[in-house]
Amino acid sequence: MSASLRTRADRALRACGAAAPDAGGDLLASTPIDGSVLYRLAPSDAGQVSNAIDDAHQAFSRWRTVPAPQRGTLVRRLGELLTEHKADLAELVTVEAGKVTSEALGEVQEMIDICEFAVGLSRQLYGRTMASERPGHRLMETWHPLGVVGVISAFNFPVAVWSWNTALALVCGDTVVWKPSELTPLTAIACDALLRRAARDVGAPDGVHRLVLGAGPVGEQLVDDPRVALVSATGSVRMGRAVGPRVASRFGRCLLELGGNNAAVVAPSADLDLAVRGIVFSAAGTAGQRCTSLRRVIVHTSIVDAVVGRIADAYRQLRVGDPGDDGVLVGPLIREQSWTAMTSALDRAAADGGTLVCGGERLPREGVYVTPALVRMPAQTEVVREETFAPILYVLGYDSLDEAIALHNDVPQGLSSSIFTLDQREAERFLAADGSDCGIANVNIGTSGAEIGGAFGGEKETGGGRESGSDAWKSYMRRATNTVNYSTQLPLAQGVRFG
């Protein structure tokens with residue numbers, strides 16, 4: 001199988017204008033489809049990383065003076081190339097990250113959508129004018145490019161998260177240095193080739209984007225370099241605990257998108273057909289390897305047996321297998337360590353009194369293919385409060401909405417949440433200040449599948465960052481408060497008299 005996978009990757013890379021990257025190095029480009037190594041790449045050394053940052057830093061001095069609508073032409077061209085090569089990039093996402101075809105195509109579509117959003121944004125980087133207390137004065141805010149943005153992305157969305165950051169950063173006048181996950185370098189090489197082509201096509205400086213490859217030391221260099229004005233890092237809470245203080249110690253900016261332990265509340269009034277569809281996709285999609293994957297479902301005790309039965313029936317119908325095959329809905333885990341973490345969590349849940357309803361089995365084939373696990377828990381124990389990056393769904397019961405919300409919020413993470421209810425009061429309470437404490441709160445949809453128009457991110461140990469839509473662009477710019485005196489007098493603020 002690996003020979004055909006290598007051929008598929010070669011074809012997609014060439015179509016995107018990237019050469020087959022086998023350099024005989026010790027960075028392994030593997031496929032979770034069968035666990036084989038497709039390429040051996042040379043990781044970026046310290047000098048190459050420094051040069052990449054310097055290229056971006058030098059390009060920034062030119063790029064920041066280009067009018068924002070003109071900067072938008074680069075992102076528009078990138079969007080056109082992404083549209084042209086949607087199938088090629090999706091093929092690489094499937095081969096390298098193990099996503100089923102529809103999810104891989106959806107991720108590339110997300111890139112196209114954020115480019116469209118960013119092009120419109122390039123004409124809407126608004127400041128504001130405020131009333132001045134001094135006659136003959138105007139008080140206003142202006143927004144300016146920030147500098148070099150270091151993007152550190154994770155394997156589970158190997159291209160979309162990069163595009164959220166890069167499309168916005170470019171129209172804001174910043175330049176970008178990207179370190180993708182060491183598990184997914186091929187998609188990054190293809191995207192970099194397309195962006196370089198877009199830059200040539202519109203006459204943008206070549207250094208507006210640089211790609212560096214490797215593991216921890218490469219990311220650490222981005223984190224510690226004072227020329228990197230903003231570090232946008234997606235990954236584990238453990239990674240965020242290391243990145244945040246190091247960036248802060250040099251007074252840089254940090255945008256963190258970390259772990260999620262997302263829950264859905266299912267109320268007695270819920271449309272159960274709708275709820276089960278939303279729950280199953282959120283919990284089993286991408287083999288439970290989304291930061292927004294559903295980890296916990298909190299169901300009213302009057303319907304918990306019925307809901308568990310419906311989810312179990314749906315789980316047993318899910319087809320697990322090669323993500324490129326028709327009809328497959330659940331692909332592989334990214335690597336062996338993920339299976340180890342999954343079995344450990346299931347063992348701990350059992351020790352805490354949990355009952356495995358279905359799933360949690362490994363299929364006898366190359367690669368790490370597992371059946372999504374459904375576990376009933378008597379209480380929200382420590383293992384339930386932790387994020388396990390695998391398809392485990394814990395079921396908890398509740399008697400009152402206050403109890404459900406308390407259970408929901410009683411985890412360290414705060415990314416995505418949902419409630420399934422036809423009771424407007426329950427829905428509004430869940431969205432209120434004393435309801436869900438997450439950055440994303442939904443009604444009658446699951447926890448995953450966010451649209452690019454809204455700001456994406458979470459609270460607590462999720463890091464507090466916001467990417468993608470709404471006013472997330474402000475993270476990539478610096479604000480200046482301006483006072484203009486158009487009078488012939490010099491009144492001081494607060495009525496101060498001097499002289």
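This report walks through the cavities, a surface patch and the salt bridges of the structure above. The model is predicted, so every value here is computed from its atoms.

**Empty space inside**

Rolling a probe the size of a water molecule over the atoms shows where empty space is left. In this structure, that gives 2 cavities of 30 Å³ or more. The largest cavity has a volume of about 50 Å³. Residues from several stretches of the chain numbering contribute to its lining: A97, G98, K99, V100 and E103, then T286, A287 and Q289, and finally L329, G331 and P332. Sorted by class, that lining has 5 nonpolar, 4 polar and 2 charged residues.

The second largest cavity holds about 30 Å³ of space. Around this second cavity you will find N261, R295, E386, T388, I392 and Y394. Its lining has 2 nonpolar, 2 polar and 2 charged residues.

**A nonpolar patch on the surface**

Now turn to the outside. L490, L492, V496 and F498 form a nonpolar patch on the surface, and together they have about 480 Å² of accessible area. One of these residues, L492, sits in the segment after β21, a strand that covers residues 477-485.

**Charged pairs**

Side chains of opposite charge can pair when their charged atoms come close. The count here comes to 31 salt bridges.

| Salt bridge | Closest N and O atoms |
|---|---|
| D10 with R6 | 3.3 Å |
| R479 with E141 | 3.4 Å |
| D225 with R227 | 2.8 Å |

Take D10 and R6 to begin with. Both belong to helix α1, residues 2-15, and because they are 4 residues apart, about one helical turn separates them. D10 is buried, at a relative accessible area of 15%, while R6 is partly exposed at 25%.

The bridge between R479 and E141 has closest N and O atoms 3.4 Å apart. R479 is partly exposed, with a relative accessible area of 46%. E141 counts as buried, because its relative accessibility is 14% and buried means under 20%.

For the bridge between D225 and R227, the closest N and O atoms are 2.8 Å apart. D225 counts as buried at 10% relative accessibility, and R227 is partly exposed with a relative accessible area of 23%. Elsewhere, salt bridges that share partners join D55, D192, R196, D206 and R210 into one network.

**Back to helix α1**

How far apart are A3 and S36 in sequence and in space? They are 33 residues apart in sequence, and their C-alpha atoms are 9.4 Å apart in space.

Definitions and conventions:
Residues are numbered from 1 along each chain as its sequence is written. This is a predicted model: local features need pLDDT of at least 70, side-chain atom pairs count only at pLDDT 80 or more; totals for chains, interfaces and linings use all residues. Side-chain values use heavy atoms; hydrogens and water are left out. On a 1 Å grid over the protein atoms alone, a cavity is a set of points where a 1.4 Å probe fits but cannot get out, and a pocket is an open set with protein on both sides within 12 Å along at least five of seven lines; lining residues have an atom within 4 Å of a point. Grid points are joined across faces, edges and corners, and a volume is the space filled by probe spheres set on the points. Ala, Val, Leu, Ile, Met, Phe, Trp, Tyr, Cys and Pro count as nonpolar, Asp, Glu, Lys and Arg as charged, and the others, Gly among them, as polar. Patches are made of residues with over 30% relative accessible area and no salt bridge: like charges are joined within 9 Å, nonpolar side chains (Val, Leu, Ile, Met, Phe, Trp, Tyr) within 5 Å. Accessible areas come from the Shrake-Rupley method with a 1.4 Å probe; for residues, only the protein chains shown count as cover. A salt bridge is a side-chain nitrogen of Lys or Arg within 4 Å of a carboxyl oxygen of Asp or Glu. Helices (H or I, at least four residues) and strands (E, at least two) are DSSP runs, numbered from the N terminus. Buried means under 20% relative accessible area, exposed over 50%, partly exposed in between (1.4 Å probe, protein chains only).
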